[in-house]
Amino acid sequence: MKRVLIAGAGPVGLTAALLLLRRGIAFTLLEQCAELPDDLRASTFHPPTLDMLDTLGVAKDLIAQGLIGSTWQVRMHPSGERAVFDLAVIGDATAHPYRLQCKQSVLCRLLLDRVRAEGGDVRMGMALEDFSQTEEGVSVTARDAAGELHQFDGSYLIAADGARSVVRGKLDLPFEGKTYPETTILATTRFPFHEHLSGLSNVNYVWKEKGTFSLLRLPDLWRCSLYPDGDETIEDALQPSSIARKLQEIAPCAEGHIVDEIRPYRIHMRIVDDYRHGRILLAGDAAHVNSPSGGMGMNGGIHDAFELISTLAEVLDGEPIEHLDRYTRRRHPIALQEILTQADRNRARMQERDNDKRRAMLAALQRTAGDPAEARAHLLRSSMIEGLRKAAEIA
(Lines give C-alpha, C1' and ligand atoms only; values in the text may rest on other atoms or scores of the structure.)
Protein backbone atom coordinates (compact mmCIF):
# COMPACT_ATOMS: atom_id res chain seq x y z
CA MET A 1 0.00 0.00 0.00
CA LYS A 2 1.91 3.04 -1.26
CA ARG A 3 -0.93 5.61 -1.32
CA VAL A 4 -0.01 8.78 0.56
CA LEU A 5 -2.65 10.86 2.34
CA ILE A 6 -2.32 14.65 2.42
CA ALA A 7 -4.21 17.00 4.74
CA GLY A 8 -4.56 20.52 3.33
CA ALA A 9 -4.84 22.06 -0.13
CA GLY A 10 -2.66 25.09 0.50
CA PRO A 11 0.58 25.73 -1.41
CA VAL A 12 2.42 23.06 0.61
CA GLY A 13 -0.13 20.26 0.26
CA LEU A 14 -0.75 20.93 -3.43
CA THR A 15 2.98 21.12 -4.17
CA ALA A 16 3.42 17.77 -2.42
CA ALA A 17 0.53 16.34 -4.41
CA LEU A 18 1.96 17.38 -7.77
CA LEU A 19 5.40 16.09 -6.80
CA LEU A 20 3.89 12.71 -5.89
CA LEU A 21 1.90 12.66 -9.11
CA ARG A 22 5.01 13.29 -11.17
CA ARG A 23 6.74 10.38 -9.43
CA GLY A 24 3.83 8.04 -10.09
CA ILE A 25 2.94 7.75 -6.40
CA ALA A 26 -0.77 7.49 -5.62
CA PHE A 27 -2.22 9.97 -3.14
CA THR A 28 -5.48 11.32 -1.77
CA LEU A 29 -5.60 14.96 -0.73
CA LEU A 30 -8.26 16.03 1.79
CA GLU A 31 -9.24 19.71 2.11
CA GLN A 32 -11.96 20.94 4.46
CA CYS A 33 -12.92 23.94 2.26
CA ALA A 34 -15.27 23.23 -0.64
CA GLU A 35 -13.42 25.79 -2.77
CA LEU A 36 -9.93 27.27 -2.58
CA PRO A 37 -10.03 30.59 -0.68
CA ASP A 38 -9.01 33.83 -2.39
CA ASP A 39 -8.08 35.67 0.80
CA LEU A 40 -4.89 37.62 1.34
CA ARG A 41 -2.15 35.44 2.73
CA ALA A 42 1.43 35.20 1.51
CA SER A 43 2.36 37.21 -1.58
CA THR A 44 6.15 37.00 -2.03
CA PHE A 45 7.89 34.23 -3.98
CA HIS A 46 11.67 34.02 -3.58
CA PRO A 47 14.09 33.03 -6.38
CA PRO A 48 14.73 29.39 -5.36
CA THR A 49 11.01 28.78 -4.91
CA LEU A 50 10.43 29.94 -8.47
CA ASP A 51 13.28 27.65 -9.58
CA MET A 52 11.54 24.72 -7.87
CA LEU A 53 8.13 25.56 -9.27
CA ASP A 54 9.71 25.80 -12.70
CA THR A 55 10.58 22.09 -12.47
CA LEU A 56 6.85 21.44 -12.04
CA GLY A 57 5.95 23.55 -15.05
CA VAL A 58 3.92 26.15 -13.12
CA ALA A 59 6.41 29.01 -12.66
CA LYS A 60 5.79 30.54 -16.08
CA ASP A 61 2.05 30.86 -15.53
CA LEU A 62 2.58 32.14 -11.98
CA ILE A 63 5.03 34.80 -13.16
CA ALA A 64 2.60 35.88 -15.87
CA GLN A 65 0.02 36.67 -13.19
CA GLY A 66 2.44 38.34 -10.78
CA LEU A 67 4.68 41.38 -10.57
CA ILE A 68 8.46 41.00 -10.89
CA GLY A 69 10.58 43.08 -8.52
CA SER A 70 14.34 43.04 -8.93
CA THR A 71 14.86 45.15 -5.78
CA TRP A 72 13.58 45.46 -2.23
CA GLN A 73 14.36 48.13 0.33
CA VAL A 74 14.44 49.38 3.91
CA ARG A 75 13.39 53.02 4.01
CA MET A 76 12.96 56.10 6.21
CA HIS A 77 9.72 58.08 5.97
CA PRO A 78 9.14 60.82 5.02
CA SER A 79 12.76 61.57 4.03
CA GLY A 80 12.95 58.69 1.55
CA GLU A 81 16.46 57.67 2.66
CA ARG A 82 16.85 54.02 1.86
CA ALA A 83 18.99 50.93 1.46
CA VAL A 84 18.12 49.16 -1.78
CA PHE A 85 19.05 45.54 -2.46
CA ASP A 86 19.28 44.48 -6.09
CA LEU A 87 18.78 40.75 -6.68
CA ALA A 88 20.66 40.93 -9.97
CA VAL A 89 23.84 40.24 -7.97
CA ILE A 90 22.69 36.64 -7.36
CA GLY A 91 21.92 36.02 -11.02
CA ASP A 92 24.59 33.30 -11.11
CA ALA A 93 22.79 31.33 -8.37
CA THR A 94 19.23 31.28 -9.70
CA ALA A 95 17.29 31.37 -12.93
CA HIS A 96 14.91 33.87 -11.29
CA PRO A 97 16.96 36.72 -9.73
CA TYR A 98 13.97 38.64 -8.41
CA ARG A 99 11.05 38.50 -6.04
CA LEU A 100 7.68 37.76 -7.54
CA GLN A 101 4.71 39.51 -5.95
CA CYS A 102 1.63 37.36 -6.45
CA LYS A 103 -1.10 36.06 -4.14
CA GLN A 104 -0.54 32.50 -2.93
CA SER A 105 -4.11 31.73 -4.03
CA VAL A 106 -2.95 32.11 -7.64
CA LEU A 107 -0.34 29.39 -7.10
CA CYS A 108 -2.87 27.15 -5.37
CA ARG A 109 -5.25 27.37 -8.31
CA LEU A 110 -2.49 26.67 -10.81
CA LEU A 111 -1.37 23.64 -8.80
CA LEU A 112 -4.90 22.32 -8.27
CA ASP A 113 -5.73 22.66 -11.96
CA ARG A 114 -2.55 20.80 -12.88
CA VAL A 115 -3.13 18.05 -10.30
CA ARG A 116 -6.70 17.51 -11.46
CA ALA A 117 -5.75 17.59 -15.15
CA GLU A 118 -3.18 14.85 -14.52
CA GLY A 119 -5.60 12.62 -12.63
CA GLY A 120 -4.78 13.40 -9.01
CA ASP A 121 -7.25 12.46 -6.27
CA VAL A 122 -8.35 15.67 -4.53
CA ARG A 123 -11.34 15.66 -2.17
CA MET A 124 -12.55 19.20 -1.47
CA GLY A 125 -15.03 19.78 1.36
CA MET A 126 -13.57 16.86 3.30
CA ALA A 127 -12.52 17.84 6.84
CA LEU A 128 -10.06 15.56 8.61
CA GLU A 129 -11.41 14.65 12.05
CA ASP A 130 -9.22 11.86 13.36
CA PHE A 131 -6.54 9.36 12.39
CA SER A 132 -4.67 6.35 13.68
CA GLN A 133 -1.49 4.62 12.64
CA THR A 134 0.11 1.19 12.86
CA GLU A 135 3.46 -0.14 11.72
CA GLU A 136 1.89 -0.77 8.31
CA GLY A 137 -0.01 2.41 7.59
CA VAL A 138 -2.32 5.28 8.50
CA SER A 139 -6.12 5.45 8.63
CA VAL A 140 -7.90 8.82 8.45
CA THR A 141 -11.50 9.69 9.24
CA ALA A 142 -12.91 12.76 7.48
CA ARG A 143 -16.35 14.38 7.34
CA ASP A 144 -17.86 15.72 4.13
CA ALA A 145 -20.06 18.82 3.75
CA ALA A 146 -23.19 16.73 4.27
CA GLY A 147 -21.89 15.43 7.58
CA GLU A 148 -21.10 11.92 6.37
CA LEU A 149 -17.96 10.22 7.68
CA HIS A 150 -15.43 8.64 5.31
CA GLN A 151 -12.35 6.51 5.95
CA PHE A 152 -9.14 6.78 3.92
CA ASP A 153 -6.19 4.43 4.25
CA GLY A 154 -2.62 5.09 3.21
CA SER A 155 1.00 4.35 3.92
CA TYR A 156 1.77 7.86 5.23
CA LEU A 157 -0.04 11.05 6.19
CA ILE A 158 1.40 14.46 5.29
CA ALA A 159 0.06 17.19 7.57
CA ALA A 160 0.03 20.35 5.46
CA ASP A 161 -3.04 21.73 7.19
CA GLY A 162 -1.63 25.05 8.32
CA ALA A 163 -0.89 26.94 11.52
CA ARG A 164 -4.03 25.59 13.20
CA SER A 165 -3.17 22.04 12.13
CA VAL A 166 -5.73 19.46 13.23
CA VAL A 167 -3.09 16.75 12.81
CA ARG A 168 -0.56 18.51 15.04
CA GLY A 169 -3.29 19.13 17.61
CA LYS A 170 -4.39 15.49 17.60
CA LEU A 171 -0.77 14.43 18.08
CA ASP A 172 -0.66 16.83 21.05
CA LEU A 173 2.75 18.12 20.00
CA PRO A 174 4.39 21.04 21.79
CA PHE A 175 4.51 24.07 19.46
CA GLU A 176 7.19 26.01 21.27
CA GLY A 177 7.90 29.67 20.67
CA LYS A 178 6.23 33.02 21.25
CA THR A 179 3.49 35.38 20.17
CA TYR A 180 4.65 38.90 19.36
CA PRO A 181 3.01 41.70 21.36
CA GLU A 182 1.92 43.87 18.43
CA THR A 183 -1.09 43.36 16.19
CA THR A 184 -0.54 43.92 12.49
CA ILE A 185 -3.32 45.54 10.47
CA LEU A 186 -3.35 44.62 6.80
CA ALA A 187 -5.05 47.23 4.62
CA THR A 188 -5.28 46.87 0.86
CA THR A 189 -5.76 49.74 -1.56
CA ARG A 190 -5.41 50.42 -5.27
CA PHE A 191 -3.87 53.82 -4.54
CA PRO A 192 -0.66 54.14 -6.68
CA PHE A 193 1.96 54.72 -3.96
CA HIS A 194 4.70 54.32 -6.58
CA GLU A 195 3.50 57.51 -8.26
CA HIS A 196 3.74 59.49 -5.03
CA LEU A 197 6.81 58.16 -3.20
CA SER A 198 10.12 58.43 -5.01
CA GLY A 199 12.15 55.31 -5.69
CA LEU A 200 9.80 52.70 -4.21
CA SER A 201 10.50 49.03 -4.82
CA ASN A 202 7.71 46.47 -4.96
CA VAL A 203 8.70 45.43 -1.42
CA ASN A 204 9.37 48.20 1.11
CA TYR A 205 9.95 48.01 4.87
CA VAL A 206 9.60 51.52 6.28
CA TRP A 207 10.39 53.39 9.49
CA LYS A 208 8.21 56.39 10.33
CA GLU A 209 8.37 58.63 13.39
CA LYS A 210 7.62 56.45 16.42
CA GLY A 211 6.37 53.62 14.23
CA THR A 212 6.71 51.46 11.16
CA PHE A 213 4.76 50.21 8.15
CA SER A 214 5.42 48.17 5.04
CA LEU A 215 4.24 48.52 1.45
CA LEU A 216 4.06 45.47 -0.82
CA ARG A 217 2.89 45.91 -4.37
CA LEU A 218 0.85 43.31 -6.25
CA PRO A 219 -0.34 43.59 -9.86
CA ASP A 220 -3.61 45.30 -8.96
CA LEU A 221 -3.18 46.62 -5.41
CA TRP A 222 -0.82 47.57 -2.59
CA ARG A 223 -0.71 45.67 0.69
CA CYS A 224 -0.07 48.05 3.59
CA SER A 225 0.94 46.59 6.95
CA LEU A 226 0.04 49.13 9.63
CA TYR A 227 0.23 49.19 13.45
CA PRO A 228 -1.55 50.99 16.29
CA ASP A 229 0.14 54.29 17.12
CA GLY A 230 1.42 54.79 20.66
CA ASP A 231 -1.32 54.01 23.17
CA GLU A 232 -3.94 53.48 20.46
CA THR A 233 -5.99 50.36 21.11
CA ILE A 234 -6.41 47.77 18.36
CA GLU A 235 -10.14 48.55 18.31
CA ASP A 236 -9.41 52.23 17.64
CA ALA A 237 -6.65 51.40 15.13
CA LEU A 238 -9.12 49.35 13.09
CA GLN A 239 -11.49 52.28 12.68
CA PRO A 240 -11.66 53.65 9.12
CA SER A 241 -10.63 57.07 10.42
CA SER A 242 -7.42 55.66 11.91
CA ILE A 243 -6.59 53.72 8.74
CA ALA A 244 -7.28 56.86 6.67
CA ARG A 245 -4.99 58.95 8.88
CA LYS A 246 -2.14 56.48 8.62
CA LEU A 247 -2.44 56.28 4.83
CA GLN A 248 -2.50 60.08 4.59
CA GLU A 249 0.75 60.13 6.60
CA ILE A 250 2.30 57.79 4.02
CA ALA A 251 1.10 59.61 0.89
CA PRO A 252 -1.31 62.56 1.20
CA CYS A 253 -4.31 62.40 -1.13
CA ALA A 254 -7.06 65.04 -1.19
CA GLU A 255 -9.64 62.50 -2.35
CA GLY A 256 -8.61 59.99 0.29
CA HIS A 257 -7.49 56.38 -0.16
CA ILE A 258 -10.09 53.80 -1.09
CA VAL A 259 -9.45 50.78 1.12
CA ASP A 260 -10.66 47.41 -0.16
CA GLU A 261 -9.99 45.26 2.89
CA ILE A 262 -8.85 45.61 6.51
CA ARG A 263 -7.71 42.59 8.45
CA PRO A 264 -5.91 42.38 11.83
CA TYR A 265 -3.68 39.46 12.71
CA ARG A 266 -1.23 38.40 15.40
CA ILE A 267 2.21 37.09 14.56
CA HIS A 268 3.81 33.99 16.07
CA MET A 269 7.20 32.29 16.01
CA ARG A 270 6.82 28.57 16.79
CA ILE A 271 8.22 25.21 15.72
CA VAL A 272 7.78 21.51 16.53
CA ASP A 273 10.82 19.52 17.60
CA ASP A 274 10.41 16.69 15.10
CA TYR A 275 8.70 16.74 11.70
CA ARG A 276 8.12 12.95 11.75
CA HIS A 277 5.91 11.03 14.15
CA GLY A 278 5.81 7.45 12.95
CA ARG A 279 4.11 7.57 9.57
CA ILE A 280 2.86 11.13 10.02
CA LEU A 281 4.93 13.95 8.56
CA LEU A 282 4.44 17.67 9.21
CA ALA A 283 5.23 20.39 6.66
CA GLY A 284 4.81 24.13 6.28
CA ASP A 285 2.86 26.04 8.93
CA ALA A 286 1.84 22.76 10.56
CA ALA A 287 5.51 22.39 11.51
CA HIS A 288 6.68 25.99 11.92
CA VAL A 289 5.32 29.55 11.82
CA ASN A 290 7.26 32.81 11.72
CA SER A 291 6.96 36.55 11.33
CA PRO A 292 6.03 37.45 7.73
CA SER A 293 8.82 40.04 7.64
CA GLY A 294 11.01 38.85 4.78
CA GLY A 295 8.29 36.72 3.19
CA MET A 296 9.76 33.33 4.09
CA GLY A 297 6.84 31.35 5.55
CA MET A 298 5.09 30.07 2.43
CA ASN A 299 8.41 29.69 0.61
CA GLY A 300 9.83 27.59 3.44
CA GLY A 301 6.75 25.38 3.35
CA ILE A 302 7.17 24.76 -0.38
CA HIS A 303 10.82 23.91 0.26
CA ASP A 304 9.63 21.45 2.94
CA ALA A 305 7.40 19.77 0.36
CA PHE A 306 10.23 19.27 -2.11
CA GLU A 307 12.56 17.80 0.53
CA LEU A 308 9.82 15.64 2.04
CA ILE A 309 8.62 14.08 -1.21
CA SER A 310 12.19 13.44 -2.37
CA THR A 311 12.92 11.56 0.87
CA LEU A 312 9.54 9.82 1.02
CA ALA A 313 9.97 8.54 -2.54
CA GLU A 314 13.24 6.88 -1.52
CA VAL A 315 11.48 5.15 1.38
CA LEU A 316 8.65 3.97 -0.87
CA ASP A 317 11.34 2.60 -3.19
CA GLY A 318 12.82 0.48 -0.41
CA GLU A 319 14.77 2.62 2.05
CA PRO A 320 13.87 1.93 5.72
CA ILE A 321 11.29 4.19 7.33
CA GLU A 322 14.02 5.70 9.52
CA HIS A 323 15.38 7.33 6.36
CA LEU A 324 12.53 9.83 6.75
CA ASP A 325 14.37 11.31 9.72
CA ARG A 326 16.64 12.98 7.15
CA TYR A 327 13.69 15.23 6.35
CA THR A 328 13.71 16.60 9.91
CA ARG A 329 17.51 16.77 9.98
CA ARG A 330 17.55 18.89 6.85
CA ARG A 331 14.51 21.10 7.30
CA HIS A 332 14.22 21.68 11.07
CA PRO A 333 17.56 23.47 11.61
CA ILE A 334 17.03 25.55 8.47
CA ALA A 335 13.58 26.58 9.68
CA LEU A 336 14.97 27.42 13.09
CA GLN A 337 18.22 29.14 12.11
CA GLU A 338 17.50 30.55 8.66
CA ILE A 339 13.75 31.20 8.59
CA LEU A 340 12.45 31.84 12.11
CA THR A 341 15.61 33.58 13.34
CA GLN A 342 15.99 35.70 10.22
CA ALA A 343 12.30 36.70 10.24
CA ASP A 344 12.56 37.50 13.95
CA ARG A 345 15.56 39.72 13.28
CA ASN A 346 13.76 41.47 10.42
CA ARG A 347 10.76 42.11 12.63
CA ALA A 348 12.91 43.42 15.53
CA ARG A 349 14.73 45.82 13.19
CA MET A 350 11.52 47.39 11.94
CA GLN A 351 10.04 47.58 15.46
CA GLU A 352 13.04 49.61 16.68
CA ARG A 353 11.91 53.05 17.88
CA ASP A 354 15.23 54.69 18.84
CA ASN A 355 16.12 57.05 15.99
CA ASP A 356 19.89 56.83 16.54
CA LYS A 357 19.75 53.03 16.39
CA ARG A 358 17.58 53.19 13.27
CA ARG A 359 20.09 55.45 11.54
CA ALA A 360 22.94 53.13 12.49
CA MET A 361 20.98 50.16 11.10
CA LEU A 362 20.17 52.01 7.88
CA ALA A 363 23.80 53.05 7.42
CA ALA A 364 24.92 49.43 7.93
CA LEU A 365 22.33 48.20 5.41
CA GLN A 366 23.41 50.85 2.90
CA ARG A 367 27.04 49.73 3.26
CA THR A 368 26.00 46.12 2.71
CA ALA A 369 23.87 46.98 -0.31
CA GLY A 370 26.70 49.05 -1.78
CA ASP A 371 29.35 46.34 -1.48
CA PRO A 372 28.89 43.68 -4.22
CA ALA A 373 30.37 40.84 -2.17
CA GLU A 374 28.46 41.72 1.00
CA ALA A 375 25.24 42.35 -0.93
CA ARG A 376 25.55 38.97 -2.65
CA ALA A 377 26.06 37.15 0.66
CA HIS A 378 23.14 39.01 2.22
CA LEU A 379 20.83 38.26 -0.69
CA LEU A 380 21.80 34.60 -0.89
CA ARG A 381 20.66 34.29 2.71
CA SER A 382 17.59 36.56 2.65
CA SER A 383 16.44 34.89 -0.59
CA MET A 384 16.71 31.48 1.14
CA ILE A 385 19.32 30.07 -1.25
CA GLU A 386 21.98 29.74 1.44
CA GLY A 387 19.61 27.79 3.71
CA LEU A 388 18.80 25.32 0.93
CA ARG A 389 22.50 24.83 0.26
CA LYS A 390 23.14 24.11 3.94
CA ALA A 391 20.24 21.65 4.06
CA ALA A 392 21.54 19.74 1.04
CA GLU A 393 24.84 19.10 2.85
CA ILE A 394 23.12 17.34 5.77
CA ALA A 395 23.21 13.55 5.48
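This is a predicted model: local features need pLDDT of at least 70, side-chain atom pairs count only at pLDDT 80 or more; totals for chains, interfaces and linings use all residues.
Residues are numbered from 1 along each chain as its sequence is written, and side-chain values use heavy atoms, with hydrogens and water left out. Local features need pLDDT of at least 70 and side-chain atom pairs count only at pLDDT 80 or more, while totals for chains, interfaces and linings use all residues.

**Helix packing**

Helices (H or I, at least four residues) and strands (E, at least two) are DSSP runs, numbered from the N terminus. Two packed helices are described by the angle between their axes and the distance between the axes. Axes are lines fitted to C-alpha atoms, for helices over the stretch in contact, and angles run from 0 to 180 degrees between N-to-C directions. Angles under 35 degrees count as roughly parallel, over 145 as roughly antiparallel, 65 to 115 as roughly perpendicular and the rest as oblique. The table lists two helix pairs.

| Helix pair | Angle | Axis distance |
|---|---|---|
| Helix 2 (residues 47-55) and helix 8 (residues 297-316) | about 40° | 10 Å |
| Helix 10 (residues 355-370) and helix 11 (residues 372-382) | about 105° | 5 Å |

At about 40°, helix 2 and helix 8 are therefore oblique to each other. Their crossing is left-handed, a term for a near helix turned anticlockwise from the far one by less than a right angle. Helix 2 contributes P48, T49, M52, L53 and T55 to the contact, and helix 8 contributes N299, I302, H303 and F306. Contact means heavy atoms within 4.5 Å. By class, the residues of this contact are 5 nonpolar, 4 polar and no charged. Here Ala, Val, Leu, Ile, Met, Phe, Trp, Tyr, Cys and Pro count as nonpolar, Asp, Glu, Lys and Arg as charged, and the others, Gly among them, as polar.

Helix 10 and helix 11 are roughly perpendicular to each other. In this pair, R367, T368, A369 and G370 of helix 10 meet P372, E374, A375 and H378 of helix 11. The residues of the contact divide into 3 nonpolar, 3 polar and 2 charged.

An open sheet is formed by 6 strands in the order 8-2-1-12-19-18, with mixed pairing. Two strands pair if DSSP finds at least two bridges between them. Strand 8 (121-124) and strand 18 (276-277) are the edge strands, and each pairs on one side only. Strand 1 (residues 4-7) and strand 2 (residues 27-31) run parallel and are joined by 4 bridges; V4 has F27 of strand 2 as its bridge partner. Helix 8 lies across strand 1, strand 12 (156-159) and strand 19 (280-282), and runs at about 175° to strand 12.

Strand 2 is mostly covered, with 5 of its 5 residues buried. Buried means under 20% relative accessible area, exposed over 50%, and partly exposed in between (1.4 Å probe, protein chains only). F27, L29 and E31 point one way from strand 2, whereas T28 and L30 point the other way.

D121 is found in edge strand 8. Leaving out residues up to four places away in sequence, D121 touches R3, F27, T28 and L29. D121 and G211 are 90 residues apart in sequence and 48 Å apart in space, C-alpha to C-alpha.

**Loop residues and backbone geometry**

N290 sits in the loop between strand 20 (288-289) and helix 8. N290 counts as buried because its relative accessibility is 13%. Apart from residues up to four places away in sequence, N290 touches I267, H268, M269, M296, G297, I339, L340 and A343.

Most residues other than glycine have a negative phi, and most peptide bonds are trans. H77 and P78 are joined by a cis peptide bond, with omega about 15°. P78 lies in the loop between strand 5 (71-76) and strand 6 (82-86).

D172 is not a glycine but has a positive phi of about 60°. D172 is placed in the loop between helix 5 (166-171) and strand 13 (176-189), and counts as exposed at 65% relative accessibility. M384, also not a glycine, has a positive phi of about 80°. M384 is found in the loop between helix 11 and helix 12 (385-392), and its relative accessibility of 6% makes M384 count as buried.
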